Amino acid sequence: MPFYVLDSWNAERKFIWLKNVFFRYLYDHFDEKLENKLKCILHYFERIGSMIPVGYISFERKVIALEHGTFSFPYPKENFWSQSSISLCPFKIFNSGFIEDHSSEAIEVDFANKYLGGGALSRGCIQEEIRFMINPELIAGMLFLPCMADNEAIEIVGTERFSNYTGYASSFRFNGDHVDKKEIDVLGRRKRRIISIDALSSPGKRQYLVECLLREINKAFCGFLDHFKCHQYQKFFQDASFMGSQHDPNVVGSSRHSEVYHLSLGNPSTSSQTIEETLASQLLRNHEARYCSPLGYQQEIGVVTGNWGCGAFGGDPQVKAVLQWLAASQALRPFVLYYTFDLEALQMLGQVVQWISSQGWTVGELWNMLVEYSVQRLRGETGAGFFSWLLPSLKSHDIILLNISHNV
């Protein structure tokens, strides 16, 4: 897993361009949300001007290989998912609150644009752009991380949150200072893990095609999988036919291996070579020490997510929620915390999750049900949402009982 030294001249040119775009929008298309985005950035510089942060931030491009390799996980095909016997992990639902406010240590999903940061330095002001404003150190990744392919995700570890906010999109407002209480890991990084995964944009009915379902579940799986454990994971699935080792022409991919970039905060006298050697050895020791058994659940690091690929991207919230549950379970994450933001389409999510869990379904069984529903949806045999289609025989009194049990 190579390390790279950032080309400072090209990075500076790109930063100047991004900055000019941001201020041009602020001048030509003034509105309050842009003014409040600027307040977040100015607040960041005010904070670091009084005390420079120390430590490191890691940027990693995570890749599921399009061809089989010894130390990489190959792009899964349909039979990988349909034949999976992995149990579904616990799934907890929150109708209010925000992903970035959770207390458990977990990977926090960034509903990303394929170009990291999306419209953070222009007019954008939805989930990803807001995250880049309250954690401005994320903006650095926009300088050197190019467009994500379908088989790629980006993981960023160590950024600090500096601002509070209220509202969303046009109602976004800076709401004062935030003191980040996340602990520091052995590498000097804050224990805040952000996974950037981009969903299909405006997919319409094609999102129910099997190839589109595969694209979305594999994108989430790439982000959720611990790529340091890929070789052990592969041993667990010894049947190579599950892996889909041949190149899939439906995947817009690359031959890149995972790339890790580390930015140093403070301590400027340390040479880049020393940083690279130190971080490489520490990363290996850290991961070897943290997991006592091959493929044991990653006890302390679950997934915190929400309506990924919905809203502006136009995805089906019920399908996207299930796909993320499947991906997290297959990646052996110990739990999913899901923030619905009180979306009406997900009102039955709690009952459905509880019913599926009570049936003891595996990843493969739930995936097959989702595929069957999608085929019927494409053929026009059903116009119902996935939840209503899945539980047509669940009587009203059963739903009431499940709801009571869930609330207790």
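This is a predicted model: local features need pLDDT of at least 70, side-chain atom pairs count only at pLDDT 80 or more; totals for chains, interfaces and linings use all residues.
Visitor: Start with H8 and H10. What is the angle between them?
Guide: About 155°, with the axes 10 Å apart. H8 covers residues 317–330 and H10 covers residues 363–379. Helices (H or I, at least four residues) and strands (E, at least two) are DSSP runs, numbered from the N terminus. Axes are lines fitted to C-alpha atoms, for helices over the stretch in contact, and angles run from 0 to 180 degrees between N-to-C directions.

Visitor: Which orientation class is that?
Guide: H8 and H10 are roughly antiparallel to each other. Angles over 145 degrees get that label, under 35 is roughly parallel, 65 to 115 roughly perpendicular, and the rest oblique.

Visitor: Which residues make the contact?
Guide: From H8, Val319, Val322, Leu323, Trp325, Leu326, Ser329 and Gln330. From H10, Val363, Leu366, Trp367, Leu370 and Tyr373. Contact means heavy atoms within 4.5 Å.

Visitor: How does that split by class?
Guide: The contact of H8 with H10 has 10 nonpolar, two polar and no charged residues. Ala, Val, Leu, Ile, Met, Phe, Trp, Tyr, Cys and Pro count as nonpolar, Asp, Glu, Lys and Arg as charged, and the others, Gly among them, as polar.

Visitor: What else do the buried residues of H10 pack against?
Guide: Besides H8, they pack against H3 (78–82), H5, H9 (349–359) and H11 (386–390). Among the buried residues of H10 are Gly364, Trp367, Val371 and Gln376. Buried means under 20% relative accessible area, exposed over 50%, partly exposed in between (1.4 Å probe, protein chains only).

Visitor: What follows H10?
Guide: Glycine 380, with a positive phi near 80°.

Visitor: Switch to H5. How many of its residues are buried?
Guide: 13 of its 15, so H5 is mostly covered.

Visitor: And what span should it have?
Guide: At 1.5 Å a residue, the 15 residues of H5 (residues 210–224) should span 21 Å, and its end C-alpha atoms are 21 Å apart, which agrees. The expected span is 1.5 Å times one less than the number of residues.

Visitor: How do H5 and H8 cross?
Guide: At roughly 45°, with axes coming within 8 Å. That makes H5 and H8 oblique to each other.

Visitor: What sits in that contact?
Guide: H5 brings Leu213, Glu216, Ile217, Ala220, Phe221 and Phe224. H8 residues they meet include Val319, Lys320, Leu323 and Gln324. The contact of H5 with H8 divides into 10 nonpolar, two polar and two charged residues.

Visitor: Leucine 332: buried or exposed?
Guide: Buried, at 8% relative accessibility. Leucine 332 is in the loop between H8 and S10 (336–339), and its phi is positive, about 65°.

Visitor: Last one. What does proline 136 touch?
Guide: Tyr44 and Phe162, leaving aside neighbours within four places in sequence. Proline 136 counts as buried at 7% relative accessibility.

Conventions: Residues are numbered from 1 along each chain as its sequence is written. Side-chain values use heavy atoms; hydrogens and water are left out.
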